[in-house]
Amino acid sequence: PDPRSPDNMASKQAAPQWFNPGEFSPDAQSALEAAGAAAREAAGAAGETDAGAAHVGVGARHVAYALFCVHASGMLIAATTGADLEALQAALRRLAFAPPTAGSAADDTSLLLRCTRAQRPSYGPKAIEDLLLAVFEPPFGLQETFEAHGMSLEALRAALPDMQGNAAPVWGHGLEERGRRPTPPAVPAAKPEALAPKAARPKQGKAPGGRTNPGVAASRRASGASPSPPFASLQGTVGGASSSSAAATAPSSAQLRPTLAACGTDLVQLALAGKLDPVIGRDEEVARVLRVLSRRTKNNVCLVGAPGVGKTAVAEAVAQRIAAGRVPLQLAKCRELWSLDIGALLAGTGLRGDFEERLRALLEELRQAEGAAILFIDELHLVLGAGRSESNNVDAANLLKPMLARGELRCIGATTSDEYRRLILEKDAAFERRFQPVELAEPLPHAAVEMLRGLAPLYEAHHGVKLSSGTAEAAVELSHQRIKGRSLPDKAIDVLDEACVLAVVEGSSFVTMSHVETVVGRWRTTPGQRGGFVQEAFARARQMIQRQSRL
């Protein structure tokens with residue numbers, strides 16, 4: 001029998017392990033054990049050492065052989081990408097059992113392990129997906145072999161549905177610097193959970209957002225009907241390899257950051273769950289926010305605009321970009337965007353020091369995330385003065401300033417133009433300097449119409465009605481003409497929503513322009529609101545007169 005057959009390879013996996021099993025899922029462990037067996041046999045055939053020795057160097061070429069020649073999931077992935085599996089296996093077999101080359105990166109065990117750990121820093125244990133992407137890293141020189149047989153990195157990513165937007169190439173982002181200081185493969189890197197507080201240590205549970213992190217999407221769905229989409233299920237095993245073991249899973253973001261979970265909501269997880277509305281017509285503003293967040297220092301944004309123009313929607317659009325992986329390379333590690341609830345942060349902090357302790361714990365969790373989490377503070381002006389009392393002059397803004405200035409914290413704030421000027425710019429210019437303001441203007445009527453058209457299917461599904469032709473245009477035009485003191489698109493969306501309710505109450509299955517006209521006729525600016533606007537204008541005029549008199 002062929003000594004390189006999968007059965008004989010599996011029989012030699014009882015040798016001491018060259019990796020830390022706690023860092024890898026069961027399926028990944030089986031692939032690494034097969035890689036170690038291949039390396040030992042190749043070394044024995046070359047006469048360099050005993051084939052059963054434990055200290056043989058295992059590199060990316062051996063892992064690639066184990067993934068696509070021994071492990072069932074790798075074979076199915078290769079077939080799904082359209083690669084020539086037989087030719088690819090022959091090429092990888094020649095590489096794996098070739099004599100080792102001194103100084104070759106393809107034989108560097110520590111570099112292979114570091115590349116695998118770096119694929120998804122916030123996910124663990126490492127799985128088959130991480131190994132697949134690690135062997136494609138440029139230093140190992142294997143990508144040309146894969147591409148020559150019909151498998152590109154883009155095709156590999158498309159064949160891994162659980163990895164869409166969750167991994168990025170890591171070579172060129174500091175890993176090559178660490179690669180110059182090799183560490184013994186028998187000494188694994190410290191696990192992130194060992195550094196976390198006891199309450200925040202991860203369990204073998206879910207990945208962020210409840211997504212599981214199995215061996216591979218295929219092995220997780222093992223033993224099922226024949227798939228129509230890729231990896232819907234697997235039937236049996238391929239080449240004698242089995243993926244029946246249960247896959248380990250990674251900790252959730254709430255487990256890693258309990259203070260943030262108690263005082264906020266992860267918008268990225270909402271985006272992954274499809275619970276955020278689409279954001280239309282704000283691509284330029286979203287791109288500007290991402291550019292500021294990518295800066296080295298003072299990478300903080302303050303969204304400034306009138307109420308109702310869509311400041312929070314821009315933050316949600318950033319979360320959707322992060323979930324889809326459509327972010328600059330500087331934000332490739334980012335996996336979370338936490339919307340902070342100031343009320344929850346202040347609740348229960350009646351004793352002196354309670355608020356500072358809670359806020360410092362929250363900021364420490366953000367600092368330990370090392371760029372994997374962004375903070376979003378709606379109504380940013382509330383941070384100034386939050387936690388301040390008669391006996392304590394320190395507020396949340398003073399605690400945030402050092403981290404904001406050093407770039408240890410990426411933050412998105414949102415406030416209105418008037419509050420930004422009165423409560424931030426005039427009261428605390430030092431806090432204002434930490435943020436780059438991004439102005440959000442009220443969209444023009446034709447842009448607001450496009451926004452409503454994009455949101456129309458959601459309101460139709462919610463209310464069980466259909467919008468007649470011209471309804472969105474009528475909602476924008478009438479609200480823009482008759483409802484003062486509010487901004488587009490917020491007021492047009494509210495008019496459309498209430499028009500749908502009115503149609504349901506009347507028993508109609510279609511929302512017409514007459515429903516919109518009825519809603520706008522009942523919902524015009526009240527005299528009390530107009531009086532409030534006048535009073536506010538007079539108050540601002542008095543403040544300007546007093547300021548001029550003091551000068």
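Student: Where is serine 487 found?
Tutor: Serine 487 sits in the loop between helix H24 (471-482) and helix H25 (490-505). Helices (H or I, at least four residues) and strands (E, at least two) are DSSP runs, numbered from the N terminus.

Student: And how should I read the numbering and the model itself?
Tutor: Residues are numbered from 1 along each chain as its sequence is written. This is a predicted model, in which local features need pLDDT of at least 70 and side-chain atom pairs count only at pLDDT 80 or more, while totals for chains, interfaces and linings use all residues; side-chain values use heavy atoms, with hydrogens and water left out.

Student: Is serine 487 buried or exposed?
Tutor: Serine 487 counts as buried, because its relative accessibility is 8%. Buried means under 20% relative accessible area, exposed over 50%, and partly exposed in between (1.4 Å probe, protein chains only).

Student: Which residues is it in contact with, leaving aside neighbours within four places in sequence?
Tutor: Serine 487 is in contact with Ala306, Pro307, Gly308, Val309 and Glu442. Contact means heavy atoms within 4.5 Å.

Student: Changing topic, what is the strand order in the open sheet?
Tutor: The order of the six strands is S1-S3-S4-S5-S2-S6, with mixed pairing. Strand S1 (264-266) and strand S6 (436-440) are the edge strands, each pairing on one side only. Two strands pair if DSSP finds at least two bridges between them.

Student: How many bridges join S2 to S6?
Tutor: Five bridges join strand S2 (residues 300-305) to S6, and the two run parallel. Cysteine 302 stands opposite proline 437 in S6.

Student: What lies across S2?
Tutor: Helix H17 (residues 311-324) does, running at about 140° to S2. Helix H17 also lies across strand S3 (336-340), strand S4 (373-378), strand S5 (411-415) and S6. Axes are lines fitted to C-alpha atoms, for helices over the stretch in contact, and angles run from 0 to 180 degrees between N-to-C directions.

Student: Back to the cysteines: how many disulfides are there?
Tutor: The count is zero, a disulfide being a pair of cysteine sulfur atoms within 2.5 Å.

Student: Finally, what percentage of the protein counts as buried?
Tutor: Of its 551 residues, 46% do.
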